[in-house]
Amino acid sequence: GDLQYSSGGYARVKYYVTPHAYLGIRYDAAANPVVTRDVVYYGAFQLLPQVRIIVQQVQPVGGKGQLGGALTVGFPAPSNL
């Protein structure tokens with residue numbers, strides 16, 4: 001019966017090293033139902049016109065971090081090739 005008010009949101013800074021690669025830092029906040037705060041350090045680059053590699057370090061405030069990554073592939077391939 002208690003109302004849950006959110007103090008969530010995020011702030012992000014992203015820097016494009018080249019038109020096809022970037023580095024960023026994101027501060028995430030959520031409070032539903034437990035308050036969590038994370039700082040995420042990430043970088044990505046475009047390997048091919050339809051393939052991107054992303055690596056990120058999720059660091060909870062006051063906790064142990066976790067390194068992860070993803071390979072994203074877009075289908076169909078871009079038509080401007």
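**Strand pairing and an exposed tyrosine**

Guide: An open sheet of 5 strands runs in the order β1-β2-β3-β4-β5, with antiparallel pairing. The edge strands are β1 and β5, each pairing on one side only. From one strand to the next, the twist averages 15°. The model is predicted.

Visitor: What makes β3 and β4 a pair of strands?

Guide: Two strands pair if at least two bridges are found between them. Strand β3 (residues 35–48) and strand β4 (residues 51–60) have 10 bridges, in the antiparallel sense, so by the definition they count as paired. Among the facing residues, Y42 has Q56 of β4 as its bridge partner, and G43 stands opposite V55 in β4. The two strands form a hairpin with 2 residues between them.

Visitor: How do you know that β4 also pairs with β5?

Guide: The cut-off is again at least two bridges. Here 8 bridges join β4 to strand β5 (residues 66–73), and the strands run antiparallel; therefore β4 and β5 pair under that rule. I53 stands opposite L71 in β5.

Visitor: What lies between β4 and β5?

Guide: These strands form a hairpin with 5 residues between them, and in the turn G62 has a positive phi of about 80°.

Visitor: Why is Y15 called exposed?

Guide: Exposed means over 50% relative accessible area. Y15 has 56%, so the term applies. Y15 is located in strand β1 (residues 9–18).

Definitions and conventions. Residues numbered from 1 in each chain as written. Predicted model: local features only at pLDDT ≥ 70, side-chain atom pairs only at ≥ 80, totals over all residues. Heavy atoms only, no water. Helix = DSSP H or I, 4+ residues; strand = E, 2+ residues; numbered from the N terminus. Buried < 20%, exposed > 50% of the residue type's maximum accessible area, 1.4 Å probe, protein only. Axes fitted to C-alpha atoms, helices over the stretch in contact; angles between N-to-C directions.
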